[in-house]
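Biologist: I'm new to this one. Can you put it up and walk me through it?

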Amino acid sequence: MSALSVPPADLAVDVVPLGGLGEFGLNMMAVSCGETTILIDAGSMFPEAELPGVDRVIPSSEYLDQRGPVDALVLTHGHEDHIGGVPYVVGRVAGPVFGTPFTHAMLEGKLDEHGVDLGERRREVRPGDVVTVGPFRIEFIRVTHSMPDCVAVAIHTPQGVIVHTGDFKIDYTPLSGDAVTDLSTIAEYGRRGVLALLADSTNAERPGFTATEQTVAEGVRSLFARAKNRRIIVATFASNIYRIQQIIDLAIEYGRKVAVNGRSMVSNTEMARELGYLHAPDNVLIDIEEINKYPPEKVVLITTGSQGEPLSALSRMAQASHRTVKVGPTDFIIISARPIPGNEKTVTKVVNGLLALGAEVIYENMYDTHVSGHACQEEQKLMLTLAHPQYFLPVHGEFKQLKRHAETAEHLGYIPKQNIYIAENGQNIRLSRDGMAVEGTVPAGAVMVDGYGVGDVGNVVLRDRHHLSEDGIIIVTAAVDGSTGQLLSGPDLVSRGFVYVRESEELMDGARVQVEMALDRSMADNMHDWASVKSRVREALSSYIYRKTKRSPMILPILMEV
Ligand SMILES: [Zn+2]
Ligand SMILES: [Zn+2]
């Protein structure tokens, strides 16, 4: 990378990715110039199985705390990986929160849960709008994605224009005609000169174009015909209003009523109808409680659970534990979503459950029931070519997607290799007309949220949770004479997740003897330091248990001095 003549710090523009590079989710990026800092998106991520008990993961705000109040938060769209962290970050935002009406509507529910009201800071913007924050002028540019009202941003800085695509794809025939990515505006920026392009890398490994949403319409239409006189159940993302609209339109065509199920599905469809993003006549929608009043061929049920989420409506149907929906041979079920990497097993489990109940299930690649919301290689090339940036930073993806996106840019030939950079979270990337350089790093990383606790679950707690989940725990309690160390009562052993105690009496009796012996030895050695006594108990018990079972449960001795 070139580090030619870097301008003085007060003129330079610093781009600092705080999340979303080298990982999916947690998208957050700070852009600063002089005293002004704006944030692009503040996403979250659902934890992987390796993080037991963690509810969600958000980007660290440490850097923001160091820099002082953020002057504006700019939201590209309403997906979790772009707005899920807002409730945790918004306290550091002194200025406006810019988002389109749909993005704000998606955000509102989240903020309500946290008792946050944006008040004056809530600023609705529409594609084409331009806002000013300090030295920045920000234009919002329409992009197509898998939800309504998504935008890219062009940030005019003293060094030039930075274009951040947000999540995008190029679909000339999306379901909503006004949602075509505004290529002419991007081309216009490209013609006048773009300093840097930051673009969505999600599908950087996929050649070709992402298929148009119309292919889904055709695929789903043929499935409606095939369902014949069966009840149709469609599972999809609650935020994919376009897909929901398609299903409602087909239901009307086939003379079926529509019920929606699942908390987020119900709230999103209500919100989208109120705001005019979703069109469904009142006489088509019925309450979930009413569906059993209609014959199967007169009903379509749209539900959450396309990712096999264990508590979702579709999961409960698959386990035959849904309150109103009993799945059977008269059901035709369409899962209109691809499993997000990591969710394949839970989706398979749901599919197995539904099949076992006698339903026909259409999933994954059996039909064109889903298209991605992200650009593939040819669309990425088009974006790069139109924007024609001086510098290119692939964003939004794991390292392998970022790398492929960088290669795609390189193959186009007009961006010098040294002007393409795969950044890491926390790198302070200083941009100017004359150069791009990494100017140090700032604190960045993932923070775990568990219940009300933000950041209090760290590596030590996680290690304990892993240990507990793998081998269980034995708690030893005993009352001991404080002056002599004489055992007064106990020891009592309680275990959880280790062995079923009632079937292991011999083992537990032996364990008790080990504890007694360890206490006796401590007394004989005149050991009065309780921490040492405890660790002697722990060691004795641990080696006994390991000898007998080849397991290493967590051992927690509690000695009460009397
Ligand atoms: Zn998105
Ligand atoms: Zn995204």
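Predicted model: local features only at pLDDT ≥ 70, side-chain atom pairs only at ≥ 80, totals over all residues.

Biologist: Where does histidine 388 lie?

Modeller: In the loop between helix H11 (377–387) and strand S18 (389–395).

Biologist: And what is phi of histidine 388 near?

Modeller: Near 40°. That is a positive value in a residue other than glycine.

Biologist: Let's turn to helices. What should the 14 residues of H12 span, at 1.5 Å a residue?

Modeller: They should span 20 Å. The end C-alpha atoms of H12 are 20 Å apart, so the two values agree.

Biologist: Which residues of H12 are buried?

Modeller: Gln401, Leu402, His405, Ala406, Thr408 and Ala409. They sit on the same side of H12, because their arc around the axis is only 155°.

Biologist: Why do residues three or four places apart point the same way in an α-helix?

Modeller: Because an α-helix has 3.6 residues a turn.

Biologist: What covers the buried residues of H12?

Modeller: The cover includes S12, H11 and S18.

Biologist: Which exposed residues are on the face turned away from the buried side of H12?

Modeller: That face carries Phe399 and His411.

Biologist: What follows H12?

Modeller: Glycine 413, with a positive phi near 95°.

Biologist: New topic. How many salt bridges does the structure hold?

Modeller: The structure holds 25. One of them joins the side chains of glutamate 205 and lysine 400, at 3.4 Å from N to O. This pair links distant parts of the chain, 195 residues apart. Glutamate 205 is in the loop between strand S12 (194–200) and helix H6 (213–227). Lysine 400 is in helix H12 (residues 399–412).

Biologist: Is glutamate 205 buried or partly exposed?

Modeller: Glutamate 205 is partly exposed, at a relative accessible area of 31%. Lysine 400 is partly exposed too, at 48% relative accessibility.

Biologist: Which residue forms a salt bridge with glutamate 213?

Modeller: Arginine 243. Their closest N and O atoms are 2.6 Å apart. Glutamate 213 lies in helix H6 and arginine 243 in helix H7 (residues 241–253), so the bridge ties together parts 30 residues apart in sequence.

Biologist: Is arginine 243 buried or exposed?

Modeller: Arginine 243 is buried, with a relative accessible area of 0%. Glutamate 213 is buried as well, at 5%.

Biologist: What about arginine 231? Which side chain does it meet in a salt bridge?

Modeller: That of aspartate 331, at 2.6 Å from N to O. Arginine 231 is in strand S13 (residues 231–235) and aspartate 331 in strand S16 (residues 331–335), 100 residues apart. Arginine 231 counts as buried because its relative accessibility is 8%, under the 20% limit. Aspartate 331 is buried too, with a relative accessible area of 0%.

Biologist: Which residues are linked in a network of salt bridges?

Modeller: Asp14, Arg430 and Glu439.

Biologist: Back to strand S13. Is isoleucine 232 buried or exposed?

Modeller: Buried, at 0% relative accessibility. Isoleucine 232 is found in strand S13.

Biologist: What does isoleucine 232 touch?

Modeller: Leaving aside residues up to four places away in sequence, it touches Phe224, Ala227, Arg256, Val299, Val300, Leu301, Phe332 and Ile334.

Biologist: How many residues apart in sequence are isoleucine 232 and isoleucine 286?

Modeller: They are 54 residues apart in sequence. In space, the C-alpha atoms are 14 Å apart.

Biologist: Now the surface. Which residues form a nonpolar patch there?

Modeller: Leu488, Leu556, Ile558, Met560 and Val562. Together they have about 460 Å² of accessible area.

Biologist: Which strand gives the largest share of the nonpolar patch?

Modeller: Strand S25 (residues 554–561), with three residues. Isoleucine 558 is found in that strand. Isoleucine 558 is partly exposed, with a relative accessible area of 37%.

Biologist: Last one. Where is the peptide bond cis?

Modeller: From glycine 490 to proline 491 the bond is cis, with omega near 0°. Proline 491 is found in strand S24 (residues 487–496).

Note on methods: Residues numbered from 1 in each chain as written. Chains lettered and ligands numbered in written order. Heavy atoms only, no water. Salt bridge = Lys/Arg side-chain N within 4 Å of Asp/Glu carboxyl O. Helix = DSSP H or I, 4+ residues; strand = E, 2+ residues; numbered from the N terminus. Buried < 20%, exposed > 50% of the residue type's maximum accessible area, 1.4 Å probe, protein only. Patch = residues over 30% accessible without salt bridge, like charges linked within 9 Å, V, L, I, M, F, W, Y side chains within 5 Å. Areas by Shrake-Rupley, 256 points an atom, 1.4 Å probe, with all protein chains shown as cover. Expected span 1.5 Å × (residues − 1). Arc of directions from axis to C-beta. Contact = heavy atoms within 4.5 Å.
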